[in-house]
Each structure stands twice: as structure tokens, then as C-alpha cells.
Amino acid sequence: MEKFETFTYALDGNLYINLTSKCQNDCTFCVRNESSEYFGYKLWLSREPSAEEVLARIPADIHAYREYVFCGFGEPTLRLDTLLAVAKELKARGATVRLNTNGQASLTLGRDVSADLAGCVDKINVSLNESNAADYVRLCRPAKGEAAFGALQDFAKKCAERGIETWFSVVDIIGEDKIAQCRAIAQKCGVTLRVREYIEH
Ligand code: SF4
């Protein structure tokens, strides 16, 4: 696969920050498996950027973008130190900061990282994807197996408790029964559920 230095990319009025191409999951639906491109952007990274390199691509007028979103072809929290350094600077400049994540940061690092995120991340979208651990493992193929499903729920709960606007996302193709189960999981964790429409690539 050809690789690039697309550390940031603009979409729908937001600026997306692409820190890594690594991930703890290997989701069957991941766009990385099909293409090096996403909405015309070439997101497979030839190397991972430093915080300084990302900040060099942030506009002087911070309000040029609605939100600054950590989201790319990999899991942003695998670069937690860089993410935090960039997020702190963005917040200091008055930006709204969002993280799109698989929710496994605390499981991977072996500690609660929600405290690190509170104060520099305003919003967190945790991909729930499924209604139970066995189906999550089949769909997302996490390195740590079924433990990932409970861990991502605990992560979302703690982020919400710290005042970060946190929600789970699922795609509507899982069906109404599973969506109802996901809604119950979200309620238990104190977060909301957002159901996205499935779009075939
Ligand atoms: S969590 Fe996201 S980046 Fe990771 S494999 Fe799944 S879809 Fe791809």
C-alpha cells in the first residue's frame, strides 16, 4: 500500500487529525482494508507525526474549523502523549476538540486515561459497533478479545463522569433488536447512543 504524510485533512467544516495507522482492532468493515483513500484523502501514513508537525498544520484562525477531530486510519489514543499535547494547545487556542476512538485506551495502557482526556477533549465518540462481546469480537477482531468490549464501556462511563460529552456509535445495519440492546448499554454507562446510517463504499 502506498503511504503518505496526510497528518490533517478537512471534511465537512472540521479538521481531522491523523496520528497513526495502527489499531488494536482489525474490523471486518474497516476502510483501511479496502483503500488507502478516504473521501479523496490518502490516509495511510508513511510515518507518525510529532505534536509540533500537527500544530504546524493548524490554521492561525482557530475558528476556521468547527471542530478538531482526532480520527484517521488508526486508533488515535495509541499516540496518547502526542494527542494530549496537540489537544491541550488546541484548547488553549479556543478550539472544540473531539476524539473518535475504539475506547480501548485504558485497557491498552493498563490505567484509567479518562483523567488525561478531561480538560483537553470536549467530545468523545466511542465506536460500540455491537450489542455483546462475542459479536464485537467477530466484527472488530480486537487484539485483547472479549475484554475489549467491557473495557470500552468502562472507558466511556469514566469519560462521561468526568464531564466529557461522550456517546456510543453504531451503524443501523445491526438491526432494531441489537440497537435496543446498545441503547440499554449506553444508558447503563451514562452516555447517549448515536445510530448512523450504513453507507456502502
Ligand atoms: S477501530 Fe477503526 S481504525 Fe481500528 S480497525 Fe476498526 S474501523 Fe479500523
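Helix α2, residues 80-92, has 13 residues and spans 18 Å from its first C-alpha to its last, close to the 18 Å expected at 1.5 Å a residue. That expected span is 1.5 Å times one less than the number of residues. Helices here are DSSP runs of H or I with at least four residues, strands are runs of E with at least two, and both are numbered from the N terminus.

On provenance: this is a predicted model, where local features need pLDDT of at least 70, side-chain atom pairs count only at pLDDT 80 or more, and totals for chains, interfaces and linings use all residues. Residues are numbered from 1 along each chain as its sequence is written, and side-chain values use heavy atoms, leaving out hydrogens and water.

Which residues of α2 are buried? They are L80, T82, L83, L84, V86, A87 and L90. Buried means under 20% relative accessible area, exposed over 50%, and partly exposed in between, with a 1.4 Å probe and protein chains only. Their cover includes β2 (14-17), α1 (51-55), β5 (68-70), β6 (97-101), α3 (105-109) and α4 (114-117), where contact means heavy atoms within 4.5 Å. Just after α2, G94 has a positive phi of about 95 degrees.

E52 is in helix α1 and counts as exposed because its relative accessibility is 58%. Its C-alpha lies 9.0 Å from that of T82, 30 residues apart along the chain.

Now the ligand. Around it are C23, N25, D26, C27, F29, C30, R32, F73 and N102, taking a heavy atom within 4 Å as near. By class, that shell has five nonpolar, two polar and two charged residues; nonpolar covers Ala, Val, Leu, Ile, Met, Phe, Trp, Tyr, Cys and Pro, charged covers Asp, Glu, Lys and Arg, and the others, Gly among them, are polar.
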